[in-house]
Amino acid sequence: MSAMAKNVLLVEGPDDEHVLKHVCGNRGLPKIDEIKPQGGVDRLLENLPVRLKESDLAALGVIIDADIKVASRWDALRTRLVRAGYPNPPTVPDSIGTVILPPANSLLPRAGFWIMPDNTTPGALEDFLQFLIPSGSALFEHVKSSVVSIPEDEKRFTPRMESKAMVHTWLAWQVEPGKPLGTAITARYLDPDVPEVDSLVSWLKRLFFY
Amino acid sequence: MKLGSTYMKPKIETLTIERFRALERIELSGLGRVTLITGRNNTGKSSILEALQILVSDASPSIINKILRFREEHTGEIEDQNQPANAEGMFPWSSLFNGFPQFSTDIKPIVIRSNGRQRSLDLSLEACWLSEELGPDGSRRFVSRQQSLFEGEEDYPALRVKSNNIERLLPLSRLRRRFGYRSALRTEVEDQAFTCLFVSPYGGEGTATLGYLWDKIALSDREEDVVEALRIIDDGIIGVSMVGGEGAHHARTAIVRSKQIQRPVPLRSFGDGLNRLFGIILSLVNAKSGILLVDEFENGMHHTVQLDAWRAVFKLATRLDIQVVATSHSWDAIDAFQKAASEVPDEGVLIRLTKKGNEIIPTIFDEKELAVAARERIEVR
């Protein structure tokens, strides 16, 4: 076991990992020791209770998609927190990102939760990334109307994937088309200097670098 | 729990220990068929095995004195009778109590409790004073004296053992009797509610004292189990036995027949690993329907054989209905344990002890969590 306690951030997949790394880099945050894609929401929920028991952990952060309903996603997380020994996690997640302190005399880490896109509305990573597209952009209006006007029998993605299709279309129509989500932030095709990113960054600071 | 598996609840599922050695209070719940306790030095790993022995033996003086002798601690044996303390202020068994107290009725009691498939066990140990009383038939007996009554020459320091609400008084003078190692071993195998055998870190039992355990299984199916386990280290081994031992002072020697060598040769000559495995497996097969405790499982064993050693332990523990509790601080042993545990459903549990301030805090990983930890490379040590 190392002498230094570490900070670990669990995310659903590699897209989340890259976005977070580029957000942290662009905002000059100190290094988070480990950012670990879990291979989907089910795996993340399965791994969480064991992660909380890992030795020498200072703080454990979780970034997870709300998908259909924020409340049911939070319930799934909250049940695991109670079972792990956090006496009284809030019944609703904090809109600025939740941070929970461990009980005294326990080995549990500080635990933090960010539910994509903004802890209050349903959705996923790509809904958060839409905040990074300049509002009122004529190009993005064109992207949106193109995506929604795809003839029904040619639409190959489910309605839930629509916002993902829009973000990737936006990236397909840039100076250098097809940049991946993370590098698109550094290239400013997705602008990290927006209030929604401020909010995410201040949650990371409250959790890991207080 | 999977349907169709032969899973049975372990004898001891929950263990609570209070004020024993450095353990102020600790509760371990969800012990498995095979439990490995890990943690850095001075986290109380061995103390938990000691507490289990004391609990299962109803605080048998021969077991407790054996425990103290293993640690080279003061047992108070053969000293001034009826003195509560020796020159250093220690009384027999003082080191069992949290904080090495001097003899006083203010010492808070040691409490050890368990729940599980077996009836629950409940033991407490506290200091008290005794008076000698004359019975109607003229016989003398010890009775517990209220602390407020006068202290006279007829007061004797003692320990009161309460075991599932049956009270026993042990005058300190009696704890000073010397008990032979064989006496403790007999207690472990024969005189308890169920067998609870202890394998020390250094195999201090030696091949000589293992003779007793050997005689109990020689020529039975369990002898074959022992030979099979020894083949983990040397697949040329075809038989094992123990010879010698005529008269009280002649030691027994374990000998081995191997394909490679014409004559039987001493087990010792095969190295530390085989000796260690022999001690563990011979004790294991003797603990049928009981409990086996192994302190520092991996001692002497090369890391390449540890996985197969654990596999043998899991297999025999299930077949002979034995609960195993072992300790280790080696990374190799924990890795091997995790791997072996993941191959059998519902059997393995890992407990990590961590010292935080004066408190020792357990973190418990059940079988399912161990599998997740292995897959995700989550640090359990």
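Visitor: Which residues line the largest cavity?

Guide: This is a predicted model. In it, the lining consists of A22(B), L23(B), E24(B), R25(B), I26(B), N358(B), E359(B) and I360(B). Four of these residues come from β2(B), the largest share. Strands β2 (23–29) and β16 (359–365) of chain B each supply at least two lining residues.

Visitor: What makes this space a cavity?

Guide: A cavity is a place where a 1.4 Å probe fits but cannot get out. The structure holds one such space of 30 Å³ or more. About 30 Å³ lies in the largest cavity.

Visitor: What classes of residue does the lining of the largest cavity have?

Guide: Four are nonpolar, one is polar and three are charged.

Visitor: Why is R83(A) called exposed?

Guide: Exposed means over 50% relative accessible area. R83(A) has 67%, so the word exposed applies. This residue lies in helix α3 (residues 70–84) of chain A. R83(A) and P49(A) are 34 residues apart in sequence, yet 8.2 Å apart in space, C-alpha to C-alpha.

Visitor: How many residues of each chain are in contact?

Guide: 15 residues of chain A are in contact with 20 residues of chain B. About 1700 Å² is buried between the two chains, and carbon and sulfur atoms give 52% of that area.

Conventions:
Residues are numbered from 1 along each chain as its sequence is written. Chains are lettered from A and ligands numbered from 1 in the order in which they are written. This is a predicted model: local features need pLDDT of at least 70, side-chain atom pairs count only at pLDDT 80 or more; totals for chains, interfaces and linings use all residues. Side-chain values use heavy atoms; hydrogens and water are left out. Helices (H or I, at least four residues) and strands (E, at least two) are DSSP runs, numbered from the N terminus. Buried means under 20% relative accessible area, exposed over 50%, partly exposed in between (1.4 Å probe, protein chains only). On a 1 Å grid over the protein atoms alone, a cavity is a set of points where a 1.4 Å probe fits but cannot get out, and a pocket is an open set with protein on both sides within 12 Å along at least five of seven lines; lining residues have an atom within 4 Å of a point. Grid points are joined across faces, edges and corners, and a volume is the space filled by probe spheres set on the points. Ala, Val, Leu, Ile, Met, Phe, Trp, Tyr, Cys and Pro count as nonpolar, Asp, Glu, Lys and Arg as charged, and the others, Gly among them, as polar. Contact means heavy atoms within 4.5 Å. Buried area is the accessible area (1.4 Å probe) that two parts lose on being put together, summed over both.
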